[in-house]
Each structure stands twice: as structure tokens, then as C-alpha cells.
Amino acid sequence: MLVINKQSQIPIYEQIVSEYERLIMSGFIMQSEQIPSVRALAMELTINPNTIQKAYNNLELRKITYSVPGVGRFISVKAKEIISEEYSKKFDIIYNEAKILKEAGYQQDDVLNIVKKAFKEDKNV
């Protein structure tokens with residue numbers, strides 16, 4: 001279910017967080033759905049359980065998941081909304097940075113080429 005690249009320069013725990021975000025936003029994982037335990041996911045991905053726990057702590061801190069003691073961890077009802085709001089803030093950052101680059105004399109094509117390069121690199125990960 002999760003796609004992790006152990007050779008990537010992106011830390012594995014961040015990849016796990018991103019994968020859960022992707023699965024939630026695409027509707028593959030629904031609100032209130034239980035996700036694998038730390039131990040189960042660590043075994044499935046052959047990754048240190050501490051790495052999984054770090055990712056899960058991040059998701060829970062951001063209220064994307066919640067834990068029920070003795071039962072497991074679940075996707076929160078507002079997970080999709082929370083992720084959407086966070087992505088929206090990232091678009092604001094990109095917008096503001098593009099304005100700064102424009103004011104510094106960069107051309108639109110220069111900025112677009114950097115964005116295209118980022119998307120191209122992502123596919124090669």
C-alpha cells in the first residue's frame with residue numbers, strides 16, 4: 001500500500017507521512033479507517049519500528065490520525081480537510097516566492113522550468 005524508496009534522500013519517516021497523505025487525499029484510505037500497527041508496518045516495509053513510530057507521531061500531532069488505546073490507530077474524520085489546508089498554505093508559499101523571483105528579474109519561464117524540473121525529479125525517485 002505504501003511506496004517507500006530506501007535510496008531516496010527524503011527521510012523514510014517523511015515518505016511514510018507523504019504516502020499516507022496521498023492515500024487519504026486520493027480516497028484510498030477513508031476517515032475512521034484503521035491503519036497498520038507500528039510493528040505490522042515495520043515488518044511489511046522492513047523498516048525500523050522507531051521510524052514508523054516517528055511518522056505516526058507526526059500524523060497524530062497534526063491530527064490526521066488518532067489512537068484508541070488497546071485498539072489501534074485510525075484516520076481522523078477531518079484528515080482530508082487538514083491536509084488540504086496544509087497544501088493550500090504551501091501554494092501560498094510558492095506564490096510568494098514566485099513574486100520575489102519576478103521582482104528580482106527572473107522570467108516566468110525560468111520559474112516554470114524549476115517547477116517542471118521538480119516534478120520530473122519526483123518521478124525518478
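1. What percentage of the contacts in the protein chain with a separation of 6 or more comes from residues 24 or more positions apart? In this model, which is predicted rather than determined by experiment, such residues account for 48% of those contacts.

2. On the overall arrangement, the protein chain holds five helices and three strands, and along the sequence these follow the pattern α-β-α-α-β-β-α-α. The radius of gyration of the chain is 17 Å, well over the 14 Å that the globule rule gives for 125 residues, so the chain is more spread out than a compact globule. The C-alpha trace spans about 60 × 30 × 20 Å along its principal axes, and buried residues make up 26% of the 125 residues in the chain.

3. As background, nonpolar side chains in soluble globular proteins tend to be buried together. For Tyr20, if residues up to four places away in sequence are not counted, the residues touched are Leu2, Ile29, Ile35, Pro36, Leu41, Tyr56 and Leu59.

4. Not counting residues up to four places away in sequence, Glu21 touches Arg62, Ile83, Glu86 and Tyr87. Gln15 also lies in helix H1 and is likewise buried, with a relative accessible area of 10%. Once neighbours within four places in sequence are left aside, the contacts of Gln15 are with Val3, Ile4, Asn5, Ser8 and Ile10. Between Gln15 and Val38, which are 23 residues apart in sequence, the C-alpha to C-alpha distance is 15 Å.

5. Thr65 and Ala79, which are 14 residues apart in sequence, are 7.1 Å apart in space from C-alpha to C-alpha.

6. Most residues other than glycine have a negative phi. Ser32, however, has a positive phi of about 70 degrees although it is not a glycine; Ser32 sits in the loop between H1 and strand S1 (34-35) and counts as partly exposed at 39% relative accessibility. Thr46 also has a positive phi, of about 50 degrees, and is not a glycine either. Thr46 lies in the loop between H2 and H3, where its relative accessible area of 59% makes it exposed.

7. The loop between H1 and S1 holds Ser26 as well, and Ser26 counts as exposed at 52% relative accessibility, because the cut-off for that class is over 50%. The C-alpha atoms of Ser26 and Lys116 are separated by 22 Å, the two residues being 90 residues apart along the chain.

8. Which residues line the second largest pocket, and how many of them are nonpolar, polar and charged? The lining consists of Tyr95, Ala98, Lys99, Lys102, Tyr106, Gln107, Gln108, Val111, Leu112 and Val115, and these divide into six nonpolar, two polar and two charged. H4 and helix H5 (108-123) are the elements that give two or more residues to this lining, and the volume of the pocket is about 190 Å³.

Methods. Residues are numbered from 1 along each chain as its sequence is written. This is a predicted model: local features need pLDDT of at least 70, side-chain atom pairs count only at pLDDT 80 or more; totals for chains, interfaces and linings use all residues. Side-chain values use heavy atoms; hydrogens and water are left out. Contact means heavy atoms within 4.5 Å. On a 1 Å grid over the protein atoms alone, a cavity is a set of points where a 1.4 Å probe fits but cannot get out, and a pocket is an open set with protein on both sides within 12 Å along at least five of seven lines; lining residues have an atom within 4 Å of a point. Grid points are joined across faces, edges and corners, and a volume is the space filled by probe spheres set on the points. Helices (H or I, at least four residues) and strands (E, at least two) are DSSP runs, numbered from the N terminus. Ala, Val, Leu, Ile, Met, Phe, Trp, Tyr, Cys and Pro count as nonpolar, Asp, Glu, Lys and Arg as charged, and the others, Gly among them, as polar. The radius of gyration is taken over C-alpha atoms; the globule rule is 2.2 Å times the number of residues to the power 0.38. Buried means under 20% relative accessible area, exposed over 50%, partly exposed in between (1.4 Å probe, protein chains only).
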